[in-house]
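Visitor: Please take one part of this model and look at it closely, beginning with a single side chain and its surroundings. Then connect it to whatever else can be said about contacts and pairing.

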Amino acid sequence: RSAVGLNSREPNGTLEVWTYLTSYDSAVSIAQGPYHGACAGWTFGLSVSATGQFQASAWDAFSMNSGTVTVPLNAWTHVAVTWGSAGAKLYLHGVQVGSDGNTGMPASGYGGSVLVTSGSGSGHIDELRISNVQRTTFALPAGAYPLTLGATGTGTGRVVTNPAGPFYLPDTVVTLTAVASPGSAFQSWAGDCSGTASTCTLTMS
């Protein structure tokens with residue numbers, strides 16, 4: 001654990017960091033408050049849930065999460081939360097995965113320190129940056145590709161990816177499996193997959 005003397009109370013701002021997770025158990029969290037263990041005064045928080053969901057909130061301002069999109073394991077991933085006149089937004093590797101229309105900013109609370117907490121060897125961070133500019137684009141090095149999934153038709157179902165995504169390093173082999181809901185039936189793939197078999201294998205590039 002470490003605390004740095006930064007303050008995220010700005011009308012427009014961005015908090016961004018690179019993270020490497022080997023598990024979702026006690027991964028990484030970043031919060032603004034008085035000191036570790038304080039029972040009050042926490043006004044900003046960014047964390048990864050036990051199921052890999054990326055989430056961020058600011059007291060009396062915004063609350064948002066990445067929905068079904070999870071932070072990948074065993075890969076360096078850029079995560080960011082921004083706030084300001086365009087509302088609050090969440091980004092994973094430069095792709096927007098969540099938003100809140102509230103234009104508020106993190107409150108000052110009882111202190112201006114930003115506390116970074118990492119689990120026992122399961123989470124690492126690099127290049128933590130806090131700025132008073134609401135960024136909407138990020139200059140990121142080539143490293144991970146997003147896998148975008150969609151569905152058409154009147155039925156329902158889901159696609160299971162192995163390994164779990166949605167971001168993958170180049171040349172990663174990903175197996176997609178279509179799982180139709182009861183009463184629905186899978187028909188065929190489109191886009192980079194083709195055919196009527198319920199599974200498809202892709203090489204990310």
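Guide: A residue counts as buried under 20% relative accessible area, as exposed over 50%, and as partly exposed in between, using a 1.4 Å probe and protein chains only. The model is predicted, so local features need pLDDT of at least 70 and side-chain atom pairs count only at pLDDT 80 or more, while totals for chains, interfaces and linings use all residues. Residues are numbered from 1 along each chain as its sequence is written, and side-chain values use heavy atoms, with hydrogens and water left out.

Gln32 belongs to strand β3, residues 28–33; strands are DSSP runs of E with at least two residues, helices are runs of H or I with at least four, and both are numbered from the N terminus. The side chain of Gln32 makes a polar contact with that of Thr43 at 2.9 Å. Such a contact is a pair of N or O atoms within 3.5 Å; within protein, one must be able to donate a hydrogen and the other to accept it, and residues adjacent in sequence count only if both atoms are side-chain atoms. Between the C-alpha atoms of Gln32 and Leu46, 14 residues apart along the chain, the separation is 9.3 Å.

Next come the rings. Rings of Phe, Tyr and Trp (its six-membered ring) pair if their centres lie within 6.5 Å; planes under 30 degrees apart are stacked, over 60 edge-to-face, and the rest tilted. The count by this rule is four aromatic pairs. One of them joins Tyr91 and Phe138 edge-to-face, with 5.1 Å centre to centre and 65 degrees between the planes. This pair links distant parts of the chain, 47 residues apart: Tyr91 is in strand β8 (residues 88–92), and Phe138 is in the loop between β11 (123–131) and β12 (145–146). Tyr91 and Phe138 are both buried. Ring pairs also link Phe44, Phe62 and Trp83 into a cluster.

The structure has one disulfide, a term for two cysteine sulfur atoms within 2.5 Å. Cys193 and Cys200 form this link, with their sulfur atoms 1.9 Å apart. The angle about the S-S bond is -90 degrees, and the link of Cys193 and Cys200 is left-handed. Cys193 is buried at 6% relative accessible area, and Cys200 is buried at 9%.
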